[in-house]
Structure formats: structure tokens, C-alpha cells
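Please examine the sequence and the model shown here, and then read the briefing that follows. The points are grouped by topic.

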Amino acid sequence: MKGLMQDWPLTVDRIIEHAARWDGDREIVSRAIEPDAAAAITRTSYAAIRARAAKLSSALAALGIRPGDRVATLGWNTARHLECWFGIMGMGAVCHTLNPRLFREQLRFIIADAGDRIILADPVFAPLLAELVPSVEHVVILSDEAHAERQTLPGALAYETLLEQAGAPVPWGEFDEDSACALCYTSGTTGHPKGVLYSHRSTLIHMWMTLQPDVLGLSIRDVVLPIVPMYHANAWGIPLSAAAVGCKLVLPGARLDGASLHELIEAEGVTFAAAVPTVWLALLQHLEQTGGKLSRLRRVLVGGSACPETVIRRLREHGVETVQGWGMTETSPIGTHSKLLPTIAALPFEEQLPTRLKQGRPPFGIDLRLRDADDRTVPHDGKTLGRLQVRGPVVAAGYLNGAGGNVLDAEGWFDTGDIAHIDAQGYMQIVDRAKDVVKSGGEWVSSVEIENIAASHPKAALCAVIGVPDEKWGERPLLVVQLRPGTSATPAEMLDVLAERISKWWMPDRVVFIEEMPLGATGKIDKKALRLLVPA
């Protein structure tokens with residue numbers, strides 16, 4: 001017998017429809033990205049976003065876009081970019097967020113692989129698009145006629161002109177909830193990037209997952225700042241989550257330096273923000289140099305790579321709770337979140353810290369397991385390592401165009417490529433990527449743990465551990481350090497901070513100092529590039 005409930009398809013357009021109807025006047029603050037107005041702040045609302053997104057849908061339909069077509073965006077976190085999301089998805093097309101930090105060859109491949117028909121881009125990316133010479137039907141510059149960049153991109157259309165000339169509205173929704181709505185590509189650190197195609201249903205389920213109190217826990221009382229770019233796994237879903245609860249949303253544009261972020265956080269009363277560790281380190285450095293304070297910021301989410309202990313400690317000094325999460329493009333991307341169990345929250349901070357440094361527990365909607373080399377289940381004892389596998393309604397079942405073949409095992413589990421352990425209380429901790437793991441004398445060395453401890457040194461800006469060949473042990477860990485500006489250090493100083501905190505056989509044999517750590521397209525340290533940069 002079926003339940004007697006309404007058939008109400010879970011489609012993304014319902015998020016902005018709800019926000020516009022019930023929280024239409026709530027503010028969306030955005031930093032402009034035009035070269036002559038980079039410091040300007042614009043203000044709009046959910047009702048205005050919904051109205052302009054509907055006009056964009058009409059304009060796209062006039063350009064020949066139909067449900068299922070791919071429309072790419074190449075933009076920073078702005079109100080216009082958010083309008084693009086809702087305008088594209090609302091009409092049933094697929095919003096493909098392009099990452100400008102990828103290599104040119106990767107972007108060319110991605111645009112062709114996705115079958116993008118139109119690209120909507122910020123003016124600052126016009127030179128990049130001209131270099132790519134994308135085989136798309138139209139390029140739309142997300143600005144007005146004055147910034148249409150037609151000298152760089154002949155034939156480019158101006159976004160504001162398109163909206164002004166938009167015709168009759170096109171219907172939103174009215175398609176199956178399993179239809180595709182968004183497309184994100186993996187960072188392509190091994191081989192070509194692969195496309196992850198999200199459905200409307202999975203996207204709404206992910207939104208509800210994020211709103212659990214033990215995940216993001218957002219409410220209408222929050223002021224939310226997603227610093228993580230909208231092209232990085234859809235800004236971890238945060239813009240959609242903010243719209244769903246109707247809270248004030250602050251979008252930082254292209255200025256992600258410590259000074260600009262601090263100014264925005266204080267001016268707009270931000271209470272919750274999310275970014276990768278390198279962003280928080282830059283903000284903390286700015287606060288130390290200027291004596292700045294964080295008056296209303298109370299919670300931050302750190303993801304993308306493991307959160308260094310120093311970030312947790314230093315933000316706490318400013319009255320800010322740091323929660324780290326783990327996920328990947330293939331998990332939409334929330335996978336785990338390190339909120340504290342009541343028994344752990346009752347402990348003194350120093351005793352909480354080992355748990356805070358773990359990637360956390362899965363929310364409802366995600367299941368985890370660990371498997372060893374013989375495909376046997378690994379116990380949750382907090383020390384036995386295994387390959388991390390996930391499954392759930394927001395986990396990819398395959399890649400666009402069949403890339404990578406069948407990615408699920410017979411029971412529907414997806415192998416993340418991470419090596420991890422899970423403790424008796426359910427907290428998962430990533431030890432390494434399988435491709436980056438250091439195996440010395442037949443045993444795994446946790447490069448992540450060494451990196452986190454080394455990063456607590458007051459002179460360290462960024463730290464990375466890579467494996468280098470060793471005749472006796474097979475591999476040994478090498479510590480690579482980028483020092484903070486104006487400081488100097490010796491290898492012995494960096495190794496001293498590790499003493500008594502790691503096993504002796506984990507201790508790096510060498511320390512190498514470099515001027516600048518290579519970062520990948522999502523702000524993570526690029527260990528592939530690092531191995532080429534640092535001599536074995």
C-alpha cells in the first residue's frame with residue numbers, strides 16, 4: 001500500500017521560490033567584480049534574485065537552451081552568479097560550474113566533455129575565455145554593456161542587456177526530480193577531470209543534510225559567508241542552504257585576502273563562514289599584524305584539506321568555534337562533520353582537541369566503511385587503517401559519459417581513494433590519499449598528522465609531507481615547509497615540534513624549505529607538483 005501524500009517533486013527551483021515568498025526581503029550582500037568597482041558593495045534580496053533568475057531563464061530559452069542542456073558559469077561568489085544557478089536549474093538545464101584555477105588544457109577538455117552550449121562569465125575571466133577559444137554557441141559576460149569585454153571577446157553578450165530584453169516567462173520545475181541540475185568536475189590530479197552530475201533530488205536531500213544542527217546548523221538568525229568558491233563543489237551547497245532558511249547571505253566576490261575578508265566579516269556582521277585552511281591562515285595572519293578582532297563571527301567550517309591544529313587554537317582565541325568537515329565532489333560534497341558528542345564536549349578543551357582534529361562523524365544520509373587490502377571490513381578501533389568507502393542518496397553512482405567505468409562495488413559502495421581509521425565513537429580521520437600515502441618498512445605513515453603538528457610551529461605558514469625513495473625502508477617521509485614572511489628557521493626547529501608527538505619511525509629524515517607551496521585548483525597543496533619541485 002502506498003502512502004497518501006502529495007506528489008511534490010524535489011527540485012531546486014522550490015528553494016528560491018520559498019525564499020522569495022517567505023523571506024523575500026532578506027539581504028544578499030555581494031562585492032562587485034568589475035575592475036572599476038572592485039571595492040563596491042551591492043545589495044539585493046531573495047525576491048529580486050528570484051525575479052532576475054526568471055528573466056535569465058527566458059533569455060536562455062530565447063538563445064535555444066532547453067531542459068537537459070549544459071550551461072557553464074565561470075564566476076566568483078556574487079549575486080549574479082547565484083541568479084545564474086537558479087535561472088539555469090529552474091528551467092531544467094544543467095548548471096556547470098567551471099573552475100578557473102584548472103590548467104587550460106583541462107578546461108578545454110571539460111567544456112568539450114560536458115557539451116557546454118553557453119558560458120556565463122565574470123568580466124575578469126574574459127582573457128581566459130579568449131585563450132581557451134571555447135567551442136560554445138554564446139559567451140555572456142556577467143555585467144552591463146560597459147563591461148561586455150567585446151574587444152577581448154567579439155560577439156560576447158552583456159548579461160544585463162539579456163535580462164532587459166527577456167521575453168515571456170518560461171515554466172520552472174515541471175520535470176522529474178531525478179533530472180540533472182548541476183555538474184561539477186573533479187580536480188583532475190590523476191588523469192582527466194571527471195564530471196559528477198547532481199540531480200535535483202540529490203541536491204535537495206544534500207541541502208536538508210547540511211541544515212541538521214550537527215552539520216551546518218544554519219538558521220534565519222545567521223549571517224552566512226561562503227568564502228569557498230561557488231565553483232568548488234558548489235560552495236559546499238551553502239548558498240542553497242542559506243536560501244532555504246532565508247538568512248542573510250554575504251558573497252565575497254574575488255577579494256579573498258585576509259584584509260578584505262576581515263572588512264566584510266565585520267561590516268556585515270557575519271556569524272558563520274566556510275573556507276579551506278589556507279584562507280583561515282591568511283585571515284589570522286592579517287589579524288595578528290593589525291590587532292584586528294572578530295566581533296560577531298562565532299562558527300567557521302574548514303574543509304578541502306585537514307584543518308591544522310593552529311587554526312583551531314588561534315580562532316578560539318577570537319571566540320570562534322572551528323568545525324572541520326570532510327567530503328568530496330562525489331559526495332555533493334558533505335561527507336562527515338566533526339561536531340562533538342556530549343561526553344567529549346564536556347571535557348576541557350585540550351582533551352577535546354584530538355577529536356576536533358578528526359574529520360568527524362557522518363550525518364544521516366551518508367554511510368561509511370573501511371576495507372583492507374583483502375576487502376575485509378576494518379574494525380572501528382581508531383588505529384586500524386583501511387580504504388574509506390561511502391554510499392548514500394547524495395553519493396555519485398558514476399561519472400559523466402562513463403568516465404572511469406563502474407565506480408561502485410557490488411553492494412553500491414564508492415571508494416573515495418582515502419586511507420582512514422574510525423574510532424569507537426564513530427569519528428573518522430583521514431590519514432592520507434591512497435596515491436599520496438607514505439609507506440615505510442611496509443607500514444603506513446600519516447603525512448596528514450605530521451603536517452598538522454608541523455603547522456603548529458609559529459614560523460610555519462604551510463607544511464606538507466611527501467614520500468621519497470629509500471633503499472632500506474622503501475620510502476621515508478620528507479617535510480616541506482613554507483615559512484611565514486620575515487621569519488627563518490632551521491630543520492632542527494621544525495623537527496623539535498614533532499618530538500614526543502609522533503612515533504620515532506614517523507620522524508621525517510629531512511626538512512626542505514621552499515619560498516611558495518604549490519596549490520591546486522581547490523586551494524589544497526598540490527603534492528604532485530611538490531614532488532617535481534623538491535628533489536628526492
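Glu 145 counts as partly exposed, at 40% relative accessibility; buried means under 20% relative accessible area, exposed over 50%, and partly exposed in between (1.4 Å probe, protein chains only). This is a predicted model, in which local features need pLDDT of at least 70 and side-chain atom pairs count only at pLDDT 80 or more, while totals for chains, interfaces and linings use all residues. Residues are numbered from 1 along each chain as its sequence is written, and side-chain values use heavy atoms, with hydrogens and water left out.

**Salt bridges**

- Side chains of opposite charge can pair when their charged atoms come close.
- A search of the whole structure finds 31 salt bridges, a salt bridge being a side-chain nitrogen of Lys or Arg within 4 Å of a carboxyl oxygen of Asp or Glu.
- Glu 145 forms one of these with Arg 150, at 2.8 Å from N to O. Arg 150 is partly exposed as well, with a relative accessible area of 37%.
- Glu 268 and Lys 248 meet through their side chains in a salt bridge of 2.9 Å, N to O. This pair links distant parts of the chain, 20 residues apart: Glu 268 belongs to helix α9 (residues 258-268) and Lys 248 to strand β11 (residues 248-251). Helices (H or I, at least four residues) and strands (E, at least two) are DSSP runs, numbered from the N terminus.
- Both Glu 268 and Lys 248 are buried.
- A network of salt bridges links Glu 27, Arg 43, Lys 248 and Glu 268.
- In the salt bridge between Arg 369 and Glu 411, the closest N and O atoms are 3.4 Å apart. Arg 369 lies in strand β16 (residues 367-371) and Glu 411 in the loop between β17 (386-391) and β18 (414-422), so the pair ties together parts that are 42 residues apart in sequence. Arg 369 counts as buried, at 9% relative accessibility.

**Sheets**

- Strand β8 (residues 180-185) runs antiparallel to β9 and is joined to β9 by five bridges. Here Ala 182 stands opposite Tyr 198 in β9.
- Another open sheet has three strands in the order β22-β23-β24, again with mixed pairing. The edge strands of this sheet are β22 and β24 (510-513), each pairing on one side only.
- Strand β23 (residues 474-483) and β24 run parallel and are joined by four bridges. Val 480 stands opposite Val 512 in β24.

**Cavities**

- The whole structure holds two cavities of 30 Å³ or more. On a 1 Å grid over the protein atoms alone, a cavity is a set of points where a 1.4 Å probe fits but cannot get out, and a pocket is an open set with protein on both sides within 12 Å along at least five of seven lines; lining residues have an atom within 4 Å of a point.
- The largest cavity has a volume of about 110 Å³; grid points are joined across faces, edges and corners, and a volume is the space filled by probe spheres set on the points.
- Helix α7 (residues 200-210) gives the most to the lining of the largest cavity, with four residues. Tyr 198 is also among the lining residues, as are Trp 85 and Ser 332.
- The lining of the largest cavity has four nonpolar, six polar and no charged residues. Ala, Val, Leu, Ile, Met, Phe, Trp, Tyr, Cys and Pro count as nonpolar, Asp, Glu, Lys and Arg as charged, and the others, Gly among them, as polar.
- The second largest cavity has about 60 Å³ of space, and β13 gives the most to its lining, with three residues.

**The second largest pocket**

- This pocket has about 450 Å³ of space and is lined by 27 residues.
- The largest share of its lining, five residues, comes from α10.

Technical notes: Two strands pair if DSSP finds at least two bridges between them.
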